[in-house]
Amino acid sequence: MKVSYNWLKDYLDLTTAPEALAEKITRTGIEVADVAQKSVGLKKIVVGHILSCEPHPGSDHLNVCQVDVGEDEPFQIVCGAPNVAAGQYVVVALPNSRIADNVKIKKGKMRGVVSMGMICGLQEIGFADSVVPKEYVDGIFVFPEAIEPGTEVYEALGMTDYIIDLDLTANRADALGIHGVAHEVAAIESLTPHFEDIVVTESNVQTADQLTAQVADEQLAPSYHLRMLQNVTVQPSPMWLQTRLWNAGIRPINNLVDVTNYMMLTYGQPLHAFDADALTGDHKQIEVRLAKTGEKLTALDEGEHDLTNEDIVITDGHQPIALAGVMGGLNSQITADTKNVIIEAAVFAPIAVRKTAQRHNLRSDASSRFEKGVNVADVQTALDAAAMMMADLGNGQVTAGTVSPTDLVPTDKVIEIEADRINRVLGTEIATQTIVELLERFGFGVVNTDNHLTVTIPPRRWDIEIQADIIEEVARLYGYDNLPSTLPTGDMTTGALTTEQKALRKTRHTLEGAGLTQAISYALTTPEKARQFTLVDSVLTALDWPMTQDHAHLRMNLITGLLDDAAYNVARKQTDLALYEQGRVFLKQADDQVRPTEIEYVAGLMSGNRQMKTWQAAAAPVDFYTIKGVVEMLMTSYTLADAISYQPTQAYPEMHPGRTAAIYVGEQLVGFVGQIHPAVAKANHLKETYVFQLDLAQILALPTQTVIAKPAPKFPEVTRDIAIQVSDQVSNAAIVEAIKAKGGAHLVSVELFDVYAGSHIEAGEKSMAYTLTYLNEAATLTEEEVNAAFEKVVAELVATFDAKIR
């Protein structure tokens, strides 16, 4: 919410400087994001009156203007704006001026013609495109009224005003209107706000004779009110109104539409104006109902929307003319020819408004306010104020009376609380009378009966519901920094990590020690991504009402999130990646399972080079064995009792069928490791990429063994090398297992050091060479002992794999 300091001063006798006021507001619980003044950094920008405008002799789009800037002689300025014309009052940057982005304007020549400065559009002096009136977006800004030439533009354009940007939380929607902010600031500064009285001058024409209205279901619009104006004139708003709107971040449109936006900013109550003559039928009729499936509406954004039977619509008795609380329809918009206007003020069902805005991607200032709540007591007041101002600015007449098919009567809330409870919760000793005074500064009614407080809350503070809210209001105004610091009471226990927490921390340390960087991805994703890379079969968990369609289902794997992270990095030329994520996936066994089971997983991704090219070493790309080595190191850190094995698998369609291994602990599947399928890599704009995924919950539930440190051996090792030729279908793991089975008690390690297939080797076969290491920790091994054990290994390989010894 962008709050004008000058606007606040209309209601409060403020003397505190804007920056100091912003600090006080922040200290009382509403964060101030920024305090800004648009005129800062600008210099020598004045109002100019264009006396004449002639085509440039050397250009088909430039004009040479003689401009009165308050000097003795007019300034000649060359301008290329398509809307420049004689007689206009415009924004002029004089020679040696400073405009937006600290750009300096100098005297110069344009195609041989001297130009003494620049005629500016609003964007060129710091205004955002989104607030510039549409007729001036592609040209210069023209003041709607005459201003003395040479006058600095800052005051006329509202640029000297300080804008306090409030970062409001959802519970403080009462501050989405200047009146609500004024009440808040009045409490902070111990002031009394003074608001204008609304008195509507009505014609003799009865609104009820011109218009009828009905609400199909009171729950759709529990409060719905209409007023009507006749014989209005649509024209630009006066400058004071335009400046208030664009300082609040809203684009001025015309005097009628601008009034509805102005009242929304004033009261926090969204309004809408319909062109009464655009409604079908002689007698104007408004009906609030649910849309019918198949109905369509072209909204003010000029997009056609297919309506559902969950959308609340405003109709003229025949067709939809607006999406209730969200956006009006193009078929009933205010145009330059509008003469008769219907103004709507309402309270709509907040959940339905939010769903409609989300469904049709039509987030608006109005929908945001209806979702969070509006002040029921101000609905009629805002409607009357809008009618009065429209009649004034549009020279029209307000018909007599309001048509109100539904009406909510505003009621105060009463909360009772003991003063001692407030002090006990806050740890303070504030006097009861002081508490009463603090609450009264908010405009609350307080009755003190022997320290028992009866607090009456006006409808404008609908966020106050329970005793804790009263305590918070006292703390905010008393000052959080004035609350005493106290230590918690009770039995103290020594803090420690659980076994699971220790294991999870060890997982992160191990992977980071291996060079991987932690990534955190969204737990919500698309159904297609949720189903990929799953370790077990599971039913999708869908959100009832997601924020976006791309985040509508809970993930069942971690790899797709890492792929998104990798694609994001690759798009920014970061191609050497080593990432991991530890988090939860959400699995359901059946559709009737209400809540999914949350399972702790860990996954990793590696792509690009594992070794960068240097002057003394070539680049080394990541391969299957790189990431498998990381997984082996991680699995070893868990000190599991059962053996860990890797078996080729084609069970995962998103993985490369020949470069993927399932990971087992004993007979239990706990994960997989390998290369992602080239098609998946291409879809994510990735090169060769390797991933792993482990079910940490399963792994941490497995039995472990105690690791006992052993002294260095006193006796020497003995090694034997063996090269065998076997079928290329025989795996290294099978050969190693056979060697260990027959290697004897003193075989301590088996290492593969060479694999060869090609010339001198029969087709369909390969050569594999191993180093076998023997060690007897109690004595020196003899040649005969080693040879005997080695011969058993050779015999086993020949018998089992039909191996040829090379």
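Mentor: A salt bridge is a side-chain nitrogen of Lys or Arg within 4 Å of a carboxyl oxygen of Asp or Glu. This is a predicted model: local features need pLDDT of at least 70, side-chain atom pairs count only at pLDDT 80 or more, and totals for chains, interfaces and linings use all residues. Residues are numbered from 1 along each chain as its sequence is written, and side-chain values use heavy atoms, with hydrogens and water left out.

Trainee: How many salt bridges does a search of the whole structure find?

Mentor: The search finds 31. Take Arg 354 and Glu 371: their closest N and O atoms are 3.3 Å apart.

Trainee: Which parts does that pair tie together?

Mentor: First, helices (H or I, at least four residues) are DSSP runs, numbered from the N terminus. Arg 354 lies in helix 8 (residues 350-359) and Glu 371 in helix 9 (residues 365-372), so the bridge ties parts 17 residues apart in sequence.

Trainee: Is Glu 371 buried or exposed?

Mentor: Buried means under 20% relative accessible area, exposed over 50%, partly exposed in between (1.4 Å probe, protein chains only). Glu 371 is buried, at 16%. Arg 354 is partly exposed, at 28%.

Trainee: What about the salt bridge of Arg 289 and Glu 295?

Mentor: Their side chains meet at 3.0 Å, N to O. Arg 289 is buried, at 9%. Glu 295 is buried too, at 15%.

Trainee: Which residues are linked in a network of salt bridges?

Mentor: Arg 172, Asp 174, Glu 184, Arg 461, Asp 463, Glu 473 and Arg 476. Within this network, Asp 463 and Arg 461 meet at 2.8 Å, N to O. Both Asp 463 and Arg 461 are buried.

Conventions. Helix = DSSP H or I, 4+ residues; strand = E, 2+ residues; numbered from the N terminus.
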